[in-house]
Amino acid sequence: DEIFDYQHRCSVDGTEWEGLGCGTTKLLIKGGTVVNADHQFIGDIYVEDGIIQTMGPNLPVTDDVRVIDASGKFVMPGGIDPHTHLEMPFMGQESCDDFFSGQAAALAGGTTMHIDFALPSDGDLLKGFEIYSKKAKKSCTDYGFHMAVTTWNENVAKDMELLVKEKGINSFKFFLAYKGSLMVTDEQLLQGFKKCKELGALPQVHAENGDAVAEGQSRIFAMGITGPEGHALSRPPVLEGEATARSIRLAKFINTPLYVVHVMSIDAMQEISQARQSGQRVIGEPIVSGLALDDSKLWDADYKIAAQYVMSPPIRSTGHDKALQAALSSGILQLVGTDHAPFNSSQKAQGRHDFRAIPNGVNGIEERMHIVWDVMVNSGKLSPREYVRITSTACAQIFNIHPRKGAILPGSDADIIILNPNATTRISASTHHSRMDTNVYEGWTMKGNIEVTISQGRVVWENGRLHVKRGVGRYIPMAPFSYLFDGLDKLDLEYVSSLKAPVDRSTDALTSI
Ligand SMILES: NC(=O)NCCC(=O)O
Ligand SMILES: [Zn+2]
Ligand SMILES: [Zn+2]
């Protein structure tokens with residue numbers, strides 16, 4: 001935590017804050033281009049008590065208000081990362097960013113909220129939720145949870161109900177990969193989908209065929225390929241396409257909406273495209289590494305470099321990245337996450353002689369907003385408004401926290417970023433705020449810099465300095481039955497009425513015997 005530059009301490013509303021500007025609870029962000037997902041205008045935003053109060057041209061200002069000049073810059077909702085793994089126990093390691101360091105990194109990169117995946121503890125969902133809630137007490141920004149379901153029994157069903165009705169959970173992730181640990185069978189997946197639908201919770205899938213991955217790993221290892229490149233070779237896109245197609249079809253059979261996390265390949269993206277074209281409610285989430293990187297580094301002769309890029313589903317060969325970008329532009333895919341699952345080089349060293357033991361995961365929580373700006377907006381593939389939609393608003397809508405989050409509107413939380421399109425950003429492990437000792441975007445240089453991040457109405461990132469405090473991050477409960485569930489009952493009725501009438505056999509020969 002010594003990396004953070006605390007200038008002074010002060011007390012505001014009984015809370016101790018550290019850092020420059022920490023005492024300012026009244027802010028006027030002046031003259032910027034204010035961008036929402038559906039409209040933009042040049043004007044001011046007035047913030048007080050952590051809430052956006054008013055917006056418009058030339059708002060009046062009093063002496064006790066701090067004015068931030070945003071002319072020539074974009075003023076946008078803070079990023080919401082729908083997919084992170086902080087302090088995650090996984091493959092014999094624990095991801096090296098905790099809820100403080102990971103969130104501090106997020107704030108330095110313009111992300112003001114994230115949704116982390118809480119894992120069950122020995123299959124116990126409630127216990128897992130409590131453990132994660134405790135870990136998150138050190139939070140310095142707002143967060144929510146998805147809950148993973150890794151087995152099926154009566155207790156799981158009961159816990160799901162309690163988590164949705166009393167604990168603010170409205171999404172559950174099912175792993176179709178990681179055989180022998182997190183993976184569920186089709187039967188378990190079906191039961192989970194049914195329960196999700198009943199509760200109005202969104203099922204999410206990690207779509208890779210875990211049985212086939214295990215087979216692929218044995219095959220590639222037996223060929224003498226033991227290094228990080230073996231990871232990509234052992235779980236090709238066809239296995240992601242298969243599991244994506246299977247989960248989409250099972251979701252159709254149950255008539256539930258579905259969210260496919262970390263879409264990494266053309267194969268998976270095309271399945272989502274086809275389902276959406278047929279009218280099925282499927283959400284596709286690409287992640288930054290899939291949009292911006294290719295698999296070439298997995299073949300680097302230096303193990304430390306190659307192992308950094310090991311994640312699942314794997315980062316694919318050139319071509320998949322461009323296709324995913326295009327799918328995002330055209331609306332086939334809806335929002336961008338990171339799957340920030342940071343394992344540093346000493347943790348990655350665990351798989352030095354066997355790629356199957358390399359902890360899976362890459363960094364991204366701090367880089368997402370900049371890389372997506374570069375890859376999608378600087379390239380002309382998306383407008384700033386669309387950028388806001390895929391980095392913030394769509395996530396808030398899907399997880400039912402809009403317009404509290406994901407919007408610059410009177411009454412919304414004052415989670416705001418100021419992006420200077422003419423300034424330059426350079427990404428490096430030597431300057432980032434995550435605890436990772438490497439960065440998969442090392443050396444990436446781009447036009448556009450998030451100069452200011454405001455979280456809960458306070459300036460937490462400014463002039464290249466973080467001003468954050470443990471424990472002020474709030475758990476944001478998420479209500480069930482988002483817009484994705486509207487009208488599902490009508491489709492259920494349509495299904496029932498489409499069934500051909502059953503045959504009356506009461507008078508046939510066998511019955512009368
Ligand atoms: N993706 C990855 O490699 N690690 C995190 C766990 C997961 O999301 O599957
Ligand atoms: Zn996953
Ligand atoms: Zn993940």
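Reply: Start with one helix pair: helix 8 and helix 11 are roughly parallel to each other. (Angles under 35 degrees count as roughly parallel, over 145 as roughly antiparallel, 65 to 115 as roughly perpendicular, and the rest as oblique.) This is a predicted model: local features need pLDDT of at least 70 and side-chain atom pairs count only at pLDDT 80 or more, while totals for chains, interfaces and linings use all residues. Residues are numbered from 1 along each chain as its sequence is written, with chains lettered from A and ligands numbered from 1 in the order in which they are written.

Now the geometry of that pair. Helix 8 spans residues 266-277 and helix 11 spans residues 320-330. They pack at an angle of about 25°, and their axes are 9 Å apart. (Axes are lines fitted to C-alpha atoms, for helices over the stretch in contact; angles run from 0 to 180 degrees between N-to-C directions. Helices, H or I with at least four residues, and strands, E with at least two, are DSSP runs numbered from the N terminus.) The crossing is left-handed. (That is, the near helix is turned anticlockwise from the far one by less than a right angle; clockwise is right-handed.) Helix 8 brings Ile-266, Met-269 and Ser-273 to the contact. Helix 11 brings His-320, Ala-323, Leu-324 and Ala-327. (Contact means C-beta atoms, placed from the backbone, within 7 Å.)

Met-269 is among the residues with the most contacts inside the largest nonpolar core, which has 144 residues. Ile-29, Ile-45, Val-75, Met-147, Val-260 and Val-372 are the others. (A nonpolar core is a set of buried Ala, Val, Leu, Ile, Met, Phe, Trp, Tyr and Cys residues joined through C-beta atoms within 7 Å. Buried means 20 or more other C-beta atoms within 10 Å of a residue's own, exposed 12 or fewer, and partly exposed in between; C-beta atoms are placed from the backbone.) Helix 14 (residues 384-398) gives the most to this core, with 7 residues. Val-260 touches Ala-268 and Ile-272, among others. Its contacts also include Val-205, Ala-207, Val-282 and Ile-283, with residues up to four places away in sequence left out.

In helix 13, Met-369, Val-372, Trp-373, Met-376 and Val-377 meet Pro-384, Tyr-387 and Thr-391 of helix 14. The axes of helix 13 (residues 368-378) and helix 14 come within 11 Å and cross at roughly 135°. Helix 13 and helix 14 are therefore oblique to each other. Their crossing is right-handed.

Next, the sheet. Strands of a sheet pair through backbone hydrogen bonds, either parallel or antiparallel. This open sheet has 7 strands in the order 8-11-12-13-14-15-16, with parallel pairing. (Two strands pair if DSSP finds at least two bridges between them.) Strand 8 (79-84) and strand 16 (282-284) are at the edges; each has a single partner strand, so one side of each lacks a neighbour in the sheet. The twist averages 25° from one strand to the next.

Strand 11 (residues 111-118) pairs with strand 8 in the parallel sense over 4 bridges. It is also joined to strand 12 (residues 142-149) by 6 bridges, again running parallel. Asp-81 stands opposite His-114. Thr-84 has Asp-116 as its bridge partner, and Asp-116 in turn has Phe-145 in strand 12. All of this sits inside: 8 of the 8 residues of strand 11 are buried, so the strand is largely enclosed by the rest of the structure.

His-114 shows this well. His-114 has 29 C-beta neighbours inside 10 Å and counts as buried. Its contacts beyond four places in sequence are Ile-80, Asp-81, Thr-84, Ala-106, Tyr-143 and Ile-365. The C-alpha atoms of His-114 and Ile-80 are separated by 5.3 Å, though the two are 34 residues apart along the chain.

Last, the backbone. Most residues other than glycine have a negative phi, and most peptide bonds are trans. Asp-122 has a positive phi near 50°. It lies in the loop between strand 11 and helix 2 (125-135) and counts as exposed, with 8 C-beta neighbours inside 10 Å. Met-91 also has a positive phi, about 55°, but Met-91 is buried, with 20 other C-beta atoms within 10 Å. The bond from Ser-312 to Pro-313 is cis, with omega near -10°. Pro-313 is in the loop between helix 10 (303-308) and helix 11. His-402 and Pro-403 are also joined by a cis peptide bond, with omega about 5°. Pro-403 lies in the loop between helix 14 and strand 17 (416-426).

Technical notes:
Contact = placed C-beta atoms within 7 Å.
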